[in-house]
Amino acid sequence: MDTTLSVDSTEHGHGPAKGLGRWFFTTNHKDIGTLYLWFSLLMFLTGGCMALMIRAELFQPGLQLVQPEFFNQMTTMHGLIMVFGAVMPAFVGLANWMIPIMVGAPDMALPRMNNWSFWILPFAFSLMLSTLFMEGGGPNFGWTFYAPLSTTYAPPSVTFFIFAVHMMGFSSIMGAINIIATILNMRAPGMTMMKLPLFVWTWLITAFLLIAVMPVLAGVVTMMLMDIHFGTSFFNAAGGGDPVLFQHVFWFFGHPEVYIMILPAFGIVSEIIPTFARKKLFGYASMVYATSSIALLSFLVWAHHMFTVGLPLAGELFFMYATMLIAVPTGVKVFNWVATMFHGSMTFETPMLFALAFVVLFTIGGFSGLMLAIAPADFQYHDTYFVVAHFHYVLVPGAIFSIMAGAYYWLPKWTGHMLNERLGKAHFWLSFIGVNVTFFPMHFLGLAGMPRRIPDYALQFADFNAVASVGAFIFGLSQLLFVYNIISCIRGGERATDQVWEGSHGLEWTLPSPAPYHTFTQPPVIK
């Protein structure tokens, strides 16, 4: 009996589907991963231009470049685009590329849904960006869109913004279901859960977080919609509602969301450091348990964003101690990365440089997070630039550096060509200097009392703001090197070898990557 399992190549973006049709209709995990990564890069550059507009306005005191209203729209859009358009799709793109290869699956479990979950995104973000051109302008109430700013006092475009957020949520939930189904059902024979690469583990945990919290975001924007159009008063105090309810519901989504943006980064760094230290990862099981602990604790700390709203003292204490508790599993991970490097035969290629910068700078972001967790101190830091410095240290050298590290690490595997190492190192050092020059002075600005989201400021803050703006332009312009390096790598260049990835952990380098579509001589065994 012929047990050959053939897959129609047209479904996998090959065969008759040519040109643009291949990308629109592809169900191949590599094509879809590539689409996610290009989309993420486009959004990263778009959000980055908005950040440069913000920093240009803040270069010196006095209103100079843009109106305050437009400044508020830029701060709102920058946050939304970076979180939902740049960081999350980039991690989903890496997951699409690497998870089937790492678990030995022919493709993602639900290929057509995979295609759909990507193609929703360009429409969602086109809709969101189009609000900037609508009457009254785009959303101007900050990326956290607190009611009643986003309901009673919002521009008419807020309705379209709500629809765009719903579409992003659909995309995230479908992507998460696909990742869970793939990891749980399509592992190669003999690959038990505790043999999974850590990138796969972190994404499995992240996918559960997404499924848990995305409906909460959908709920809160639906309540906003009802308040705006249907006469309800969820967040309107005049009708018996409570604006603080919005914050509770939003941050119940928002805090796990922060970990959705960093857990896959932990996975990438846990792949890269053992490879370039040429040692096995120290404490694999403890890394899995630490990641799970962080995910569980992320549901218990949401109100640390709300210490100043008038919580009961018992509530403040609970959220303060719960937040500090998250530092324990995070510390375990940092210890394990350092222990992996200890006595390793380390080399410092570009992916390793980004991974090392991740460990150091993410730890600085963690320390400032601990400072913010102290409730009485948070009354001083709240809504100042200290908070901006904290979360940018977590998300720029954290999430974004890890995405760049993953791109530098895996691109030779994807394309068959090596990246230009000299350009990569130039990109790293310019980014590293730019990030620190931009965000470190913000700690001092915040401690001195400079408020967030304000287009103008007192003369006493001028010097640090000028420094931060210069750093932002260094960081922003250095990303052009990254784009050039990626395009050069894809178009050709030195043939890839496994020479620099000969470490004991470089298994996925020594195995050939599966072809874009597969014909099995035996049906796959699913455990």
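Helices (H or I, at least four residues) and strands (E, at least two) are DSSP runs, numbered from the N terminus. The views below come from a predicted model, in which local features need pLDDT of at least 70 and side-chain atom pairs count only at pLDDT 80 or more, while totals for chains, interfaces and linings use all residues. Residues are numbered from 1 along each chain as its sequence is written, and side-chain values use heavy atoms, with hydrogens and water left out.

View 1. Pro-148 is placed in the loop that runs between α4 (111–130) and α5 (158–185).

**View 2. Asn-140 meets Glu-69 across a separation of 71 residues in sequence.** Asn-140 also belongs to the loop between α4 and α5. From C-alpha to C-alpha, Asn-140 and Glu-69 are 7.0 Å apart in space, and their side chains are joined by a polar contact of 2.5 Å. A polar contact is a pair of N or O atoms within 3.5 Å; within protein, one must be able to donate a hydrogen and the other to accept it, and residues adjacent in sequence count only if both atoms are side-chain atoms. When neighbours within four places in sequence are left aside, Asn-140 is in contact (heavy atoms within 4.5 Å) with Glu-69, Asn-72, Gln-73, Thr-76 and Pro-155.

**View 3. The largest nonpolar core has 162 residues.** A nonpolar core is a set of buried Ala, Val, Leu, Ile, Met, Phe, Trp, Tyr and Cys residues joined through side-chain atoms within 4.5 Å, where buried means under 20% relative accessible area, exposed over 50%, and partly exposed in between, with a 1.4 Å probe and protein chains only. The members that touch the most others are Phe-84, Phe-125, Phe-145, Phe-161, Trp-203 and Trp-337. Helix α3 (residues 68–103) supplies the largest share of this core, 22 residues. Because domain 1 (42–250) and domain 2 (262–517) both give residues to this core, it lies between them; the domain bounds come from an automatic or database domain assignment.

**View 4. Two residues other than glycine, Arg-278 and Asp-383, have positive phi values.** Arg-278, with phi near 55°, is found in the loop between α8 (263–277) and α9 (284–297), and its relative accessibility of 27% makes it partly exposed. Asp-383, with phi near 60°, lies in the loop between α12 (375–381) and α13 (385–415), and this residue is partly exposed at a relative accessible area of 38%.
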